[in-house]
Amino acid sequence: MLRLFRFYRRQFRLRARRQWLLARAIRRRRALAAVADRTAAIRPDDILLFMVMRNEAVRLPYFLDYYRNMGIRHFLVVDNGSEDGGRDYLRTQPDVSLWLTRASYKESRFGMDWLNWLLRKHGSGHWCLTVDPDEFLIYPHCDTRPLLALTDWLDASAARSFSAMLLDMYPKGSLHEQPYRSGQNPFEIARWFDPANYSIRKNGAYGNLWIQGGVRGRVFFHDDPENGPALNKIPLVRWERWYAYASSTHMLLPRSLNLVYDEDGGEKASGCLLHAKFLSTFVEKSAEELTRRQHYADSHEYKAYHDALQGGPEFWCEHSCELHDWHQLEELGLISTGNWA
Amino acid sequence: MNAAVPIEDIRLGVVMLCHNELAIAARMARIWVEGGAAVAVHVDAKTRGPDVTEMRDGLADLPQVVFSRRHVCEWGTFSLVRATQDAAELLLEKFPDVTHVILVSGACLTLRPVSDLCAYLARYSQRDFIESVTVEDVGWTVGGLNEERFTLRFPFSFRRQRKLFDRYVALQRRVKFKRRIPAGLVPHLGSQWWCLTRRTLDAILNDPRRAEFDRYFRRVWIPDESYFQTLARRHSLQIESRSLTLSKFDDQGKPYIFYDDHLLLLRESGCFLARKIWPRAGRLYDRLPPPAHDAPSAAEPTPERLDRIIAQAVARRRLGRPGLYMQSRFPLKDRENGKTSAPYAVMLGFADIFPDFEPWLAERIDADVHGHLFARHGVEFAGRALTGPGALSNSAALRDLDPRSFLANLIRISWRMQVWQHSPRDAQQLNWFMATDRNARIYVVTGAWAVPLLHSGMPFDDIRRVAADLQRIELAQINILRSVWLKARTQIWDLGDFCARPSGVLGAVLRDLGGDPDAAADMPQMRDLAGMGRFLQRLRNAGLRPQLMGEFPVVDPTRSHEGS
């Protein structure tokens, strides 16, 4: 009886939480001003990409090409007041719809309110990929099969969401040594990653896994790992109007979307978001973000970066792995093919 | 009874069921016709009209293609059998020269030229290729319904009304409801994709009791996997119980889908047909089937490699990789299917007796020998490196965030066996995990923690307090290692035992870990244990009962002047 009561109480709370998230998203839609709205061109089976960005012009050309090749048909981008010409670049792209907002990133739950609104408005019924401009999806068979093959298969498997953990990539040597040029594959520079130092715990209320560690844990948060960034992400979802991202793309509501893992010993299919954060652009970015104080938990993450960067940290260690292809990640157990052979 | 006939005597008929992707189906129909076959197409009545018209128009130039009456098809119901019966009847009627009929779907792709299939059928002209297994022996059906498919009623849709479906099945089980199976039928199940001789198919369609059988099968669940499979047993002269169509299912009952990168695999499998093909796998559709040879080959299909790969994928989904904890595999306790991925060894107490035990052991066995991985102050990797295998950090805080992952990661990422020191001073979270892990080998010298205390020079009051704590922790440890749930291989000596014959014990450990037991003759430097008896007596005098040290004489015979 008590268990039943608790179950319904939790259901009720999560439902209230989801409605609150959606209400925020709907209320904050006014903050978004359309710069280029090409959403009328979206066709029923298109896979869409959603993103918030600020001052990322240097990354955009490669980013768009990468995802176009993968099979993204339309990009829906919120620009949070870029000052580096990125907005003008995106405005001219035929498959990008762009919104501008100068509202506070922090006040909009780190951009998630804006994205929840766009997802609700344009994403329903589509497979939607929600990423940052420095995140690059890699999934099993991504060298031979387009993203549509994966989403078709997920449909056939009655799966509505797909897990892709964040994998921090870094260069060997200091960040300044190899400057990043626009249009360049960032993983020519940031070719290294930590293969097996991830900690996983389960978040009871939302049912998602909470993954921490990796190179950021090792270099920046070794004394304070609890506050290290979360690496679990569920970026690919077949969206419905009543879905909402609850905290970045780490977890969603309804809760069942977070169950992207098997608890009986089997493996479900999963991918990785290669994180091209640690490039030459990172040092100035972290200084800027620190002064803006617009990031999660009073930007303590950026504080840690800033402090550590003063010492010119070494990311690379002799146990770092050099990235080759998805086979390697699957062999290491960072991603899994599940039964998608 | 092979009854080989010349290939010219074989005329293949094809019954093709389609419901979507009609363009691809039309292309396949053309391939069949060009290979010399006659085709009867059934299109699901739910398919949009314009698409069907387009398909008919596209195939209008081929008189060998006929379209049968359209039925609304729903998965798992008799409508599929109905559609097959109609199309087959039409085919036999329109093409009296057809000798064999194969059932395919619009999504089936021919992997070999149609002439190869004809040659194969010519070789075994009297055989009916239909997988047909008695229900008791199937074992592959989803949802645990085998025999009950034939004896219960299924008025609710499995896909759309799943809850009602399950509850109604449960109810029928509880009231022990059973339908009567018509006399003369022995229920058989098998792949729905078959290839029958005209004689057998004709006999099934014109069975004098067909109306009775149809009435019965109308309420059987998934009759397309049982109707022809059961009735073929009644009429066939020679059943070859396998399907000529490569069609694999995973444990969700979902068919495997083939993509462009399967091209080589499909080609070398030598199967005649495969399904399902991803509709956008352009390269497969371009390259398959290969052009017909001059001399059609009747070679047997050899799908073993493909079978193995698919079996691996099923195992990956069901069982996963042992000792892997990751974003899409996070097993509950005791469902791990292997808590760790490889054998490892934990040495308790040895490093307390021999200060240089770590390098000594590393020289003698083929393994990575670490210090105290779970030390409270930090992780002691071999050589005291700042990062260990897998880029694991030496930070105790990071390790303690998720010690299980730490351990499983370390073992999974390393090629060599991992060996480390452990003691009651270290973090104890994983005691149960290791004790219930088959890969663990745990060697314990109980009470060895007292040796460093003996030499510590700390005030005796502190020593007594520390000793009490450590003994309590070690007793808990030993209790776990003596529990009935123990899966690890353990060996436990007490300190007194060990000191009586140290080289014998070390030899046994070395032998166990794949080293040369004789290498134990060259013992590492041992801490001085003289005075241990007196030390223990002092602890006793202070009200503590040392339980784990074994026997030490209170007065050391060689140094009897000591003591206070």
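Modeller: Gladly, starting with burial: a residue is buried if 20 or more other C-beta atoms lie within 10 Å of its own, exposed if 12 or fewer, and partly exposed in between, with C-beta atoms placed from the backbone. The model is predicted, so local features need pLDDT of at least 70 and side-chain atom pairs pLDDT 80 or more, while totals for chains, interfaces and linings use all residues. Residues are numbered from 1 along each chain as its sequence is written, and chains are lettered from A and ligands numbered from 1 in the order in which they are written.

Colleague: Why is helix H16 of chain B called largely enclosed?

Modeller: Helix H16 (residues 403–413) of chain B has 11 residues, and nine of them are buried, so the rest of the structure largely encloses H16(B). The buried ones include Phe406(B), Leu410(B) and Arg412(B). Helices are DSSP runs of H or I with at least four residues, strands are runs of E with at least two, and both are numbered from the N terminus.

Colleague: What covers the buried residues of H16(B)?

Modeller: The cover includes E10 of chain A, along with strands E13 (344–348) and E17 (417–422) and helix H15 (396–401) of chain B, among others.

Colleague: What makes Arg412(B) buried?

Modeller: Arg412(B) has 22 other C-beta atoms within 10 Å, and is therefore buried. Leaving out residues up to four places away in sequence, Arg412(B) touches Ala196(A), Gly333(A), Gly323(B), Leu324(B) and Ser341(B). Touching, or contact, means that the C-beta atoms, placed from the backbone, lie within 7 Å. Gly323(B) is 89 residues from Arg412(B) along the chain, yet their C-alpha atoms are separated by 6.8 Å.

Colleague: Why are H1(A) and H4(A) called roughly perpendicular?

Modeller: Helix H1 (residues 2–27) and helix H4 (residues 112–123) of chain A pack at about 90°, with axes 8 Å apart. Axes are lines fitted to C-alpha atoms, for helices over the stretch in contact, and angles run from 0 to 180 degrees between N-to-C directions. Angles under 35 degrees count as roughly parallel, over 145 as roughly antiparallel, 65 to 115 as roughly perpendicular and the rest as oblique. H1(A) and H4(A) are therefore roughly perpendicular.

Colleague: What makes H1(B) roughly parallel to H2(B)?

Modeller: Helix H1 (residues 22–34) and helix H2 (residues 49–58) of chain B pack at an angle of about 20°, their axes 10 Å apart. That angle makes H1(B) roughly parallel to H2(B). Their crossing is right-handed. A crossing is left-handed if the near helix is turned anticlockwise from the far one by less than a right angle, and right-handed if clockwise.

Colleague: Why is H3(B) called oblique to H7(B)?

Modeller: Helix H3 (residues 79–94) and helix H7 (residues 198–205) of chain B pack at about 125°, with axes 11 Å apart. The angle makes H3(B) oblique to H7(B). H3(B) passes H7(B) in a left-handed crossing. Gln85(B), Ala88(B), Glu89(B) and Leu92(B) meet Arg198(B), Leu201(B), Asp202(B) and Leu205(B) there.

Colleague: How many residues of each class form that contact of H3(B) with H7(B)?

Modeller: Four nonpolar, one polar and three charged. Ala, Val, Leu, Ile, Met, Phe, Trp, Tyr, Cys and Pro count as nonpolar, Asp, Glu, Lys and Arg as charged, and the others, Gly among them, as polar.

Colleague: How many residues does each chain bring to the contact between chain A and chain B?

Modeller: Chain A gives 51 residues and chain B gives 47. The side of chain A that touches chain B divides into 18 nonpolar, 21 polar and 12 charged.

Key. Two residues are in contact if their C-beta atoms, placed from the backbone, lie within 7 Å.
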